Amino acid sequence: MSSLLITNAHLLHPEDGELSDVSWLEAADGRIAGHGTGRPPTVSEDVPVLDVAGATVLPGLIDAHVHLLLTTFDPKEAAGWTPGYATVRALKEAERMLRRGFTTVRDVGGADYGMARAIEEGLAVGPRLVYGGKALSQTGGHGDIRPLGDDAMPCCQSRPAFARIADGADEVCAAARDEFRKGASHLKILISGGVASPHDEVSAVQYTDEEIRAAVTEAEQHNRYVTAHAYHPRSVNRALRAGVRSVEHGNLIDDETIGLLLEHDAFLVPTLVTYDQMAQFGKAAGMPEQSYKKIADVHAAAMSALERAHTAGVNLVFGTDLLGPLHSAQLQEFALRAEIQPAADILRAATTTAARLLRMEGDIGTLDVGAHADLLVVDGDPLDDIRVLTRPEQTLRHVIKAGTVI
Ligand code: ZN
Ligand code: ZN
């Protein structure tokens with residue numbers, strides 16, 4: 001939480017998608033205290049002054065779909081890790097995310113209170129961590145990663161894991177309460193098959209209406225919301241009708257889905273880069289064969305879903321969903337979206353719209369006075385070419401979190 005004066009900057013305001021004339025920006029006690037053109041204010045001697053010589057200053061980026069804990073593709077390998085080792089690996093990835101320019105991430109399966117606390121206390125370097133604890137999966141669903149020969153009862157509650165098993169409205173309700181007890185900011189439910197899960201089909205529907213409604217009711221009673229992993233309209237559309245607030249992936253959505261997203265002011269978090277990376281490097285990265293085969297089911301459809309949602313004006317949010325060694329491609333999501341969307345829209349997905357989804361509007365993703373002073377200093381104009389964000393080693397001069405240069 002510190003103070004800082006930035007001078008000679010072009011300020012990029014994602015709200016209107018414009019770059020300011022040469023400006024100053026002052027941060028005090030970790031928050032944005034003011035900005036303007038003309039003469040910078042006089043600050044006391046102990047406040048550092050950062051003359052950025054004409055560079056662009058924009059709000060720190062938000063990735064709304066990460067799994068810090070999933071640092072390998074190999075479930076057998078991960079099963080042998082102690083909670084401590086798994087957490088240290090996860091926090092190392094968190095640091096790399098911050099250094100790529102993500103000052104806030106929403107973890108949608110795996111991260112917990114301890115990780116968020118370690119970052120908040122400065123024990124680990126990382127983005128603001130908004131976490132939902134473990135995702136809820138039905139038996140045999142996307143979160144049930146037991147091999148076919150394993151008849152052991154799922155035991156994931158007591159270990160670091162991406163998901164936990166809950167069957168029936170009562171168990172869903174109890175598991176939701178337990179995650180909220182542990183500080184979850186949202187509840188993630190897995191309502192269709194997925195690529196990484198070994199045995200389900202991508203188009204398979206998981207959970208009943210009754211179970212989904214139980215999750216939504218429980219979340220609303222806690223003033224929280226439900227987000228759902230889903231690909232196919234069969235699962236997405238019923239979830240939206242049941243009150244689910246955001247849809248992760250959504251590659252196979254139809255016109256009815258678009259209508260429901262608009263009607264409910266819900267959010268769509270496409271994750272293009274994970275399919276792109278898995279298709280290219282998944283095999284070499286140790287992805288199991290049965291998962292690799294499923295990428296084709298969703299890869300090509302991802303772009304057209306984004307295009308239709310963008311054209312219709314759906315609330316689109318930036319997400320990546322990368323696993324294991326593929327995390328290093330996190331910024332490539334910008335390049336893929338640029339094939340469909342104008343730069344200003346993509347920036348809003350990673351700032352203002354993401355902040356709205358996280359219910360942190362005005363706190364993050366903006367240069368407005370009062371927001372956290374989470375800032376990036378970059379060479380070049382991301383509004384002119386969003387790809388400047390994908391080459392941080394050449395263009396990203398500083399990452400600033402709560403007024404402190406990292
Ligand atoms: Zn998913
Ligand atoms: Zn995911």
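Start with strand β1 (residues 4–13) and strand β5 (residues 56–59), which run parallel to each other and are joined by two bridges. Strands here are DSSP runs of E at least two residues long, numbered from the N terminus, and two of them count as paired if DSSP finds at least two bridges between them. Click on L11 to see one such link: its bridge partner in β5 is V57.

Before moving on, a word on what you're looking at: this is a predicted model, where local features need pLDDT of at least 70 and side-chain atom pairs count only at pLDDT 80 or more, while totals for chains, interfaces and linings use all residues. Residues are numbered from 1 along each chain as its sequence is written, chains are lettered from A and ligands numbered from 1 in the order in which they are written, and side-chain values use heavy atoms, with hydrogens and water left out.

Now colour by domain. The assignment, which is automatic or from a database, gives domain 1 as 4–60 + 366–405 and domain 2 as 61–330. Their C-alpha centres are 32 Å apart.

Next, select the interface. Twelve residues of domain 1 touch twelve residues of domain 2, counting heavy atoms within 4.5 Å as contact. How much area do domain 1 and domain 2 bury between them? About 830 Å², with 61% of it on carbon and sulfur atoms. On the domain 1 side, pick out G60, V399 and K401: they lose the most area to domain 2, together 52% of what that side buries. (Buried area is the accessible area, with a 1.4 Å probe, that two parts lose on being put together, summed over both.)

The rule finds one salt bridge across this interface, meaning a side-chain nitrogen of Lys or Arg within 4 Å of a carboxyl oxygen of Asp or Glu.

Last stop: the zinc ion (ligand 2). Its protein donors are H65 (NE2), H67 (NE2) and D321 (OD), at 2.0 to 2.2 Å. Donors are N, O and S atoms within 2.8 Å of the metal (3.2 Å for Na, K and Ca), and sites may look incomplete because water is not among the atoms. Along the sequence, the donor spacing reads H-x1-H-x253-D. The zinc ion (ligand 1) sits 3.5 Å from the zinc ion (ligand 2).

Are H65 and H67 buried or exposed? H65 has 0% relative accessibility, so it counts as buried, and H67 is buried too, at 3%. The cut-offs are under 20% relative accessible area for buried and over 50% for exposed, with partly exposed in between (1.4 Å probe, protein chains only).

Conventions:
Helices (H or I, at least four residues) and strands (E, at least two) are DSSP runs, numbered from the N terminus.
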